[in-house]
Each structure stands twice: as C-alpha cells, then as structure tokens.
Amino acid sequence: MESVVNDNVMNDDNIINSDGESYGDTMTKKKRKSSNSSISNAKGERKKMSYVWDHFKEISDSNNEAKSEKDVVECNYCGKCIAYKPSYGTSGMKNHIARCKRFPANLNRKQKLVDFESKTITSPGGTSKIVQVPTCWQFDQDNCRKALARMLIVDELPFVFVEHEGFRYFCKQLCPKFVPPSRKTVTRDCYSIFIEERSKLKDIFSKLSSRVCLTTDTWTSGQNLGYMCLTAHFIDDQWRFHKKIINFCPIPGHSGEIIGKSIEKCLNEWNLRKILTVTVDNASSNDVAIQYLRRRITHWGGSVLDGQFLHMRCAAHILNLVVKDGLKELDLSIARIRGAVRFVRSSPNRLQTFKACMEEENITSKSYVCLDIETRWNSTFLMLETALKFKKAFDNLYTKGGAYCKELRRHFGVPDDDDWRRVEAFLPFLQIFYETTLKVSGSLHVTSNSYVPLIFGVRDLISSYCGHESESIRKMAHQMKVKHDKYWGHVDNLNILLFVALLLDPRHKWGFVKWIVCDTYDFESANSLLSTIKVTLKALYEFYDDAMPQSKRKEGESSTSSSTPSSTRTTLHGMESSEKKIDVQQHYYNRYRMAKETLAICAEKTELEKYLSEEVEPNDLNFDILEWWSGSQMRYPVLARMARDVLAIPISTVASESTFSTGGRVLDSFRTSLTPRIAEALICSQDWLRQSRGPLILEENLLELEELEDGKSF
C-alpha cells in the first residue's frame, strides 16, 4: 500500500498545463530563453528553444558525415526514434510526449490510491461492528465539486465560502489537483443536486403503496416574504418511517383559500393523490384550507371514507394554549423572576457580581441562569428551573442592594419568598407538560399511537391539581382544564383515527381504549364515543379490504376456501355418476354437510376480530411497533396496510415549524438576496441529504465556553 501511495505522488514538474506542457517544461523553456548558454551547433544553426529537447536526444548518422535532410531523435523514456526535420518543427515530438506511456507525467495520470471505507457488518448472532474496508480511490474533479456542494447544503454554508482565502489554501494543501469553483458555479452545482434528489424522491412516491400524511405551516422570513412548508410523512414497504420536506415556497397570503390552493399545486407537482391526513394548527384559515383540500382529494379519488378524518389538529399547539392559560395565575411572580434574570445577564460586570454571590453561598452548579422568550412557555420553564437553583444567590444580591433593587422596583419588583414558593410548587406540574410536549413533537418516529394516552393523561393530572391545597394552584388547574375541555372535552371534536392508532398498538387494543373513554367522559358521551370508534374501525377495515390488490385477494381466497370447493366438487361428481340411481337419503345428507360448511365459513372471524381477540403484547418501553407489524403482515395483510397508513400520522406540526429554524439560518441578514427557488433547493436538499437523525446543534455550550475562558481545556 505504501508503494502505491508513493508512486502516485507527482512532482510539481510533471503537472500538465492547458497548453499540453508540463510545469517543469514551461520553466525549462523560460530558462532557455533567458540563458546565454543555449544549445547551438558548430555551423551556427538556429538555437533549439523548444522544451521538447529536454526529453529527446539527437542520433547522428555514422554513414554520412554531412547533415542529412532528415534527422532522427530518440525519446529519453521509451527509446522510440522519431524522424525530425527542422523545417517541420517539433510537433511530432510534442505528440509523442503527450502519449508516451513512460513519460513521468503520464505514468500517474490514472493511478489510484488505497482508501479505507467504514462499513457495518452484522454477524449471524445479531451483533454488529464497524470495520474499515480497503477501497481504491481516484481523483475526480466532478466528484469533488459535487461533494463540496453537498457540504455547503448540509452544513448551511454560504456560497461565497468557496472563494475564501483560507478554504482555497486548505484545498491546495489537501489536493493540489482540485480546482475550487466560483460561487456561481457552486450555486449551479447545489441546484443540480436538488433536481437529482427530487427526481429520486418522486420515483419513491410513484412506487409507494402506502398513503402519505402531511404537516404544513406558514412563516414570514427576514426578507418580509411569506413562506409555506409542506412535509410528507409515510412508512415504506420495509416498514421504515420517513419524514421528507417536499415544499418550501413563497406564499402571497395566509388566507385559507390561498393555503389550500398552494398545497394542491404542490401535490400536483409531486403527483401525490393518496393523502390520509393533514396536520395543522388551530388558525381559522386552516379550517378553510382543509375543507378545500377535502373536496379536491375526494375528487382525485385519493381520500379515505370521503376525507372525513383529513383534518388533524396539532397537539403541541393545543398544549401550548392550555399551559399559557395556566401561567396567567403566575404572571406577576414569573415577571419578577424574569426581571432578576435579565438584570444578571445584562452586562459582564453584573454577571461577575452574581458569580461572587454564588461563591459566597457555596453554589457549585456549572449551569447559569438563562433568559426566556415570553411567547414560548417551554423556554419559560427552563428559565424558572435554572433560576430556582440560584435562589440563595439572588437573595444575597438583594441584601447588597444597589442597582439590583433600584432597577427591579421600577418594573415589577424584586422576587420575594412567596414568588419563589409559588413557582417552586408549580414547576413539577409544568415539567410534566414540558416532557409531554417533547413526546408529541417527535417527527422521526411514530407518534400517533401515543396521542390518546398522553393527552388524556394530562387531563387526569390537571383534574388532580384542581384539589390542591394552594388556592393559586387550584385556580391555575381550573383554567387549564377549561381550555383542555374546549378542544378535547367534546367527543365530536376528536379525530377517531387517533383511537384507531391506539387500537393498532398490540400492547393495548380494545380494553385500554374502552377504559380511557369510560374514565374520561360521562356515561352517555362514553357510549356515543365507543360506538363511533367501533363503526369507524369497521368501515376503515372494509375500505382497506376492498382496496386489497386482486393478486393478494386471490391468494387469500384460495387459502381460506380450499376445503369448500373440494367438498362441492365431490358431491356434484357423486350426483353425476349416479344420475340413473339417486340415493335420496345420501343426497339430503350431502346438502346438510354443504350448508354446515357454508355457515362455518360465514362464522369465521375476520382479521380484525382475530387481532382484537388475541392477548396483548407486554408493555415494554423498548417495544418497536413497526417491527411487530412487519413480522405480522403475513397473518394480517389487510390490517397491516391499514396500520402502515394510520401509524404514519404526525400529531404535531413541529416537523414543518422546525424547518423555519433552518430557513432563518439560511435566509439570515447576510443572505437575504437568495431567491425563493434557491432557498427551497437548499432547505429541501438538506433534509434529503442529511444522514444524522438529530438536528444541528448551533448553540454554544456554556460550560465549554467557561472552560475555554479559564484555560482549562488546553
């Protein structure tokens, strides 16, 4: 391997320029022109100025003393002789150098290097390990340009990055052969990758047998342009869950009709027709958009049960409204603590004073207070959680007086013991909402089967806090319960597909669903909801059973009805063979046997009844529901198709909202000149190309920053 690498290292003198000359030959030519020791023969002939004379030598003819009309030159590398005539020039020698196989610059032109590629190997026992597999690598300018464009897309780098001095110096040291492109060229390369990846995704959608579930949301960028993001969620034939951003386009307004037509246009571009649900927030314009889409998708023939379950409300958005109503009871206490945190974080001197108070109180926590975003309650929770750790430090800062007390008294005042006590009592309750929001906001795994237990579990928790000993906590819980019941208290507001998703979880099935409904609602409402769930489940099963491909249906019919045709054929054959003499008693008995077998077939349980009658699976936290259905699809072919669609339903719009964070970084104040078409190409391509399942970590770690400042990490 070492010899291969060394053989591939080319001397700078062997680099060929655009004129076919090597770098060393060009320098030799310049030296010949400037040197006074140029070669000339004794008869005063013209100087040999061409660079090719460094690679050839003249061969004298021993038979003729005088110069012949044609001379012969010999290649210094391969020894081939070439006729040379001064009047014709040196073009013949140049052509030979270009194709000489022993010329140093030609030796390494197709040489490959030994590289090692990481691959995961799974043993028969199920264990996997990463090994380094040797491969052959060869320099390719086009592949390097494509890899560079991919890096710019995935790492959200500006196009001008390729023209930076440091990057070009790095490329020169890494591989002198690579010529970095300009920013215009790399822009075209990025867009070409977008077109290529979009074509691959369209091919996947064209072959997809399952339905697609959508999430959408709108956003206004720093360019003061409105954008709409549309994200597709689906489970493929190998039972892998996918989330793909298929649209990030400008939108002229936020009315329901405009949103609906924009989604329709996108679906037409992707040729997507089979849509199960569309998850949106609670804006009234979204209701109009869903009504428009329901008509269009039904007209295409791609809806399920006339699209009556198309509208899916974002669970995270509703939880956000519920918590905000509860926080109103703590507005004053939260405002005072927020003012204290803002004071500490407002200048380096104040932060150093606060650190001194921490040392005096022997607080060794490495975390620091963080200021929240008032419109995001989850950031308020993080602010209160960290501020409680430094309560003694804030009290110490208060005893010292000074600017701390003066500034806070101008607004809401200094937080007292009652404020800290109320926040401390409320924080465990708020933490449950925080963790629940994280669970319903998942976009890289199945979440529809966890919707009902999480939402109704939160309602049960709110009801328990309605009897809390603290009056403020009771008022807060009551307000939250009113808001919760507004969206989930009435059975007509619920999307029944969420209960179907819970039924298709083999760990729960009908018993768990029935208990949840009866525990939450009164007798009349519970019976009404249970009846609706049964009717919907049966209608949904019949819809998928009717849509079963004919090949699968014939296989199922042949396996389930193999006994009946044989008995029928036997009976008829017996009658035909004994037409002249019929045994009435035997004939009547045969009719009874046929009727009995027919009744048995009619009484045979369907897939749905068999599934619901079986024992539930253990409620293991590591249970993989997609893996279970992948292994059970031969037993339940119809239910498996239904489960693959229903389990792909996203219960929040976080998948689309998180795209706007990427959009804010791509369309920052330094890149506002990007056109909407290029912005869509960058954002969609990043989602398709990125191999890591988690989001980019863009915030600096405060502990690491402190260690850098103190010099501990060196």
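**Entry 1: a term first.** Two strands count as a pair if DSSP finds at least two bridges between them. I keep in mind that the model I am looking at is predicted.

**Entry 2: C229 and its partner.** I looked up which residue in β8 is the bridge partner of C229, and found F248. The two strands involved, β7 and β8 (residues 241-250), pair in the antiparallel sense over 9 bridges. I then followed the chain from one to the other: β7 and β8 form a hairpin with 5 residues between them. W239 sits in that turn and has a positive phi of about 60°.

**Entry 3: the other neighbour of β7.** Strand β6 (residues 212-220) is also joined to β7, through 8 bridges, and these two run antiparallel. Here I noted T216, which stands opposite L230 in β7.

**Entry 4: is β7 enclosed or open?** I checked how its residues sit. Buried means under 20% relative accessible area, and 10 of the 10 residues of β7 (residues 226-235) are buried, so the strand is largely enclosed by the rest of the structure. I also sorted them by direction: G226, M228, L230, A232 and F234 point one way, while Y227, C229, T231, H233 and I235 point the other way. Both groups are buried.

**Entry 5: a sheet of three.** Next I turned to β1, β2 and β3, which form an open sheet in the order β1-β2-β3 with antiparallel pairing. Its edge strands are β1 (56-59) and β3 (81-84), each pairing on one side only. Neighbouring strands of this sheet are turned by 35° against each other on average, direction ignored. Between β2 (residues 71-75) and β3 I found 4 bridges, and V73 stands opposite I82 in β3.

Conventions: Residues numbered from 1 in each chain as written. Predicted model: local features only at pLDDT ≥ 70, side-chain atom pairs only at ≥ 80, totals over all residues. Heavy atoms only, no water. Buried < 20%, exposed > 50% of the residue type's maximum accessible area, 1.4 Å probe, protein only. Axes fitted to C-alpha atoms, helices over the stretch in contact; angles between N-to-C directions.
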